[in-house]
Amino acid sequence: MMKIKALPGVPRWAVLAAHAVPLVTLPSGLWRLALVAGLPVTQDAELGTMGFGESVYVVSLSVVSELLAFLTLGLVRSWGEVFPRWMPFLGGRRVNPRAATGAAFAGVAGLCALIGWGVYASIADLGPGIPASPAQDALLIACYTPLLAWPVLVAAVAASYYRRRTSAARGQYGAGRPAASSWV
């Protein structure tokens with residue numbers, strides 16, 4: 001069985017959920033990159049020939065969403081408890097559990113709002129839509145449906161992180177800085 005790195009005391013389900021988050025964002029990012037590359041993911045020839053600014057925006061959207069997804073790993077790894085030394089002003093300091101979970105739940109709220117708007121816009125037929133064949137529609141749905149799990153996974157991992165970190169602060173699991181051997 002493959003060993004997934006995480007801090008001691010982190011539930012296995014939380015580790016798996018945290019590692020699943022970057023994977024659920026990957027298909028939509030690859031679909032957007034295929035769109036920029038001019039691959040036949042739509043029937044609209046104009047969408048395949050984006051301007052430079054549009055291409056940069058779409059690629060940046062994919063990169064930023066993947067980087068935000070990777071931040072979930074901090075909730076199960078050492079850099080979610082103590083800032084890495086290379087970070088200016090914060091390096092070596094403990095991460096405030098309330099700030100980390102607050103940021104995670106703000107992200108969950110933002111993701112839920114984006115998903116809600118996307119569903120509403122799709123049902124209300126807002127916007128120009130993306131002309132596509134049934135196969136292209138199926139590919140689009142297959143690539144974007146996993147994003148529905150993103151806020152659920154982050155919320156579960158953030159709740160686990162908060163429970164673990166605030167329990168540790170009260171002395172249930174031992175307080176203080178994580179041992180160097182637990183850093184991954």
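How many residues apart are W117 and Y120 in helix α4, and what does that spacing amount to in helical turns? They are three residues apart in helix α4 (residues 97-123), so about one helical turn separates them. Keep in mind as you look around that this is a predicted model.

**Where helices α1 and α5 meet**

- A handy rule to begin with: two packed helices are described by the angle between their axes and the distance between the axes.
- Here, helix α1 (residues 12-37) and helix α5 (residues 134-144) have axes that come within 7 Å and cross at roughly 140 degrees.
- On the α1 side, the contact is made by P27, S28, W31 and R32.
- On the α5 side, the partners are L139, L140, C143 and Y144.
- Sorted by class, this contact has six nonpolar residues, one polar residue and one charged residue.

- A pair of aromatic rings is described by the distance of the centres and the angle of the planes.
- For W31 and Y144, the ring centres are 5.9 Å apart and the planes stand at 75 degrees, so this pair is edge-to-face; the cut-off for that label is over 60 degrees.
- W31 lies in helix α1 and Y144 in helix α5, so the pair ties together parts that are 113 residues apart in sequence.
- W31 is buried, at a relative accessible area of 6%, whereas Y144 is partly exposed at 29%.

**The aromatic pair W117 and Y120**

- W117 and Y120 also form an aromatic pair, with 5.6 Å from centre to centre.
- The planes of W117 and Y120 are 45 degrees apart, and the pair is tilted.
- W117 is exposed, with a relative accessible area of 51%.
- Y120 has a relative accessibility of 48% and counts as partly exposed, because exposed means over 50%.

**A look at T25**

- Find T25 in helix α1.
- T25 counts as buried, with a relative accessibility of 1%.
- Which residues does T25 touch, leaving aside its neighbours within four places in sequence? T25 is in contact with S65, E66, A69, L147 and W150.

Technical notes
Residues numbered from 1 in each chain as written. Predicted model: local features only at pLDDT ≥ 70, side-chain atom pairs only at ≥ 80, totals over all residues. Heavy atoms only, no water. Axes fitted to C-alpha atoms, helices over the stretch in contact; angles between N-to-C directions. Helix = DSSP H or I, 4+ residues; strand = E, 2+ residues; numbered from the N terminus. Contact = heavy atoms within 4.5 Å. Nonpolar A, V, L, I, M, F, W, Y, C, P; charged D, E, K, R; others polar. Phe/Tyr/Trp six-rings, centres within 6.5 Å; stacked < 30°, edge-to-face > 60°. Buried < 20%, exposed > 50% of the residue type's maximum accessible area, 1.4 Å probe, protein only.
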